[in-house]
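Q: Could we go through a structure together, so that I learn how to read its features one by one?

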Amino acid sequence: MFGVDYDPVLYSRILTGLTLAVHVIFATVGVGVPLMIALAEWMGIKRNDEHYRLLARRWARGFVITVAVGVVTGTAIGLQLSLLWPNLMQLAGHVISLPLFMETFAFFFEAIFLGIYLYTWDRFKKKIYHFILLIPVAIGAMASGFFISTVNSFMNSPSGFEIENGVLTNISPLGAMFNPATPTKVAHVLSSAYLTTAFVLAGIAAIAILRGRNHVYHKKALHLTMTAAAVFAISTAVIGDLSGKYLAEYQPEKLAAAEWHFETSTEAPLILGGYLTEDNKVKYALEIPYALSILAHGDPGSEVIGLEEFPEEELPPLVVHYFFDLMVGIGMFLALVSILYVVIARVKKWNEWNRPLLWAIVAGSPLALLAIEMGWFFAELGRQPWLLVGYMTVSEGATTSEHVDLMLVLFIILYAVLCTTCLTVLRRMFKNNPVEKELQDKGME
């Protein structure tokens, strides 16, 4: 179809990568927004402040739209696991069936309480009762992120089974779920989802203020989201450090590829940017002395295993270095901006609504989404050539069926329509009902 030899493995990889790239945005928002809604409504109840309650109400409206699209993209991933990677599901499907089922259950749990929450605004004399309905929504969203992340953890660190004559036996579903990669993987996914969501919502408030809409509603929205962002930026950085130590112990080739660390050595530097020559020499990179040894083992003099220790056919693509750098670099920028905002906001004589800071917050919104994408590309490509590390390569797990190229075209069209529709609906929803008008209708200042 595309004028090249048909390769089902290549098309399966492209289609799965495309689906994940689209879904991860909606999944991130799906995990993070319920917590932000809960924070806003709790602040409204605690301070008897209707601005915060309206903030929660408007965020909830937009959240429903993203959930609807996320359901479609999430379903597509489930279908593609069976259609594009049948050998993986045949080998290990019964091992990871528990978290896959629990993720579906968590979503239904979330959806039921989300419906009740949305249709019971202003129907309780005590507002705390309405807030309580949101707790299962936030828990369900977090649980969805937890369970699906354990599946990815299992693919990076398979455990909970024994293999005899090519067949998995003595299966422990809980052992498969709680594998060595689970703690850092789940914690990093959840923390980065909360950080990204906070920045996206903060960016919306910052744009409103930059456009001259100086109503206190927008300033409260900015303060709430940036305070939350500062907390989650710090937690994401700490968890990222622990993730580096996990890689050093369990997937050293992935860490070495991320840092273009070819030779096993002590006092290893961290490589930022640059490019590789044909003989794998690093040019024009910024080196931070001892930093890779510290990241890997917490000791500047520790030894870090290099790519030379692994067979060439088992090495990840070295392009993951750029994905890793972008993810870490953006994370540091988000942490700097959010912490700077909190510090400035606490000093009475300083202005946390100054234009340079507001523009930095606006820039942080798309950058946070980009960091999420780069993190997942690093996670998935850094595992190559393995589909199930140590047991099955990508080429062994992929389908041999025809017409995957046609599926790719159809899904490109589907995702283009979904994303365009989602953005259009969200834009019209809030443009046609600006917050100032809603405040006036409610008789609020």
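This is a predicted model: local features need pLDDT of at least 70, side-chain atom pairs count only at pLDDT 80 or more; totals for chains, interfaces and linings use all residues.

Q: With which residues does the side chain of Arg-53 meet in a salt bridge?

A: The general idea is to look for a side-chain nitrogen of Lys or Arg within 4 Å of a carboxyl oxygen of Asp or Glu. Here the side chain of Arg-53 meets that of Glu-41 in a salt bridge, at 3.8 Å from N to O. Because Arg-53 lies in helix α2 (residues 50-84) and Glu-41 in helix α1 (residues 8-47), this pair ties together parts that are 12 residues apart in sequence. Arg-53 also forms a salt bridge with Glu-50, at 3.7 Å from N to O, and these two residues both lie in helix α2, 3 residues apart, about one turn of the helix.

Q: How should I read a pair of aromatic rings, and how many aromatic pairs are found here?

A: A pair of aromatic rings is described by two values, the distance of the centres and the angle of the planes. A search of the whole structure finds 18 aromatic pairs. In one of them, Trp-260 and Tyr-322 have ring centres 5.4 Å apart and planes at 90 degrees, so the pair is edge-to-face. Trp-260 lies in the loop between α9 (252-258) and β3 (265-266), and Tyr-322 in helix α11 (residues 320-346), so the pair ties together parts that are 62 residues apart in sequence. Trp-260 counts as buried at 5% relative accessibility, while Tyr-322, at 33%, counts as partly exposed.

Phe-411 and Tyr-415 form a tilted pair, with 5.6 Å from centre to centre and 40 degrees between the planes. They are 4 residues apart in helix α14, and so are separated by about one helical turn; both Phe-411 and Tyr-415 are buried.

Q: Which residues form patches on the surface?

A: For patches, the idea is to join residues that have over 30% relative accessible area and no salt bridge. Arg-211, Arg-427, Arg-428 and Lys-431 gather in a patch of positive charge; of these, Arg-427 is found in helix α14 (residues 404-431) and is exposed, with a relative accessible area of 55%. A negative surface patch is formed by Glu-263, Glu-303, Glu-308 and Glu-309, and Glu-308 is found in the loop between β6 (303-304) and α11. Finally, Phe-124, Tyr-129, Ile-132, Ile-135, Ile-139 and Met-142 make a nonpolar surface patch of about 520 Å². Met-142 lies in helix α5 (residues 127-156) and, at 35% relative accessibility, counts as partly exposed.

Notes. Residues are numbered from 1 along each chain as its sequence is written. Side-chain values use heavy atoms; hydrogens and water are left out. Patches are made of residues with over 30% relative accessible area and no salt bridge: like charges are joined within 9 Å, nonpolar side chains (Val, Leu, Ile, Met, Phe, Trp, Tyr) within 5 Å. Accessible areas come from the Shrake-Rupley method with a 1.4 Å probe; for residues, only the protein chains shown count as cover. Lys and Arg count as positive and Asp and Glu as negative; His and the chain ends are not counted. The place of a charge is taken as NZ of Lys, CZ of Arg, CG of Asp or CD of Glu. Buried means under 20% relative accessible area, exposed over 50%, partly exposed in between (1.4 Å probe, protein chains only). Rings of Phe, Tyr and Trp (its six-membered ring) pair if their centres lie within 6.5 Å; planes under 30 degrees apart count as stacked, over 60 as edge-to-face and the rest as tilted.
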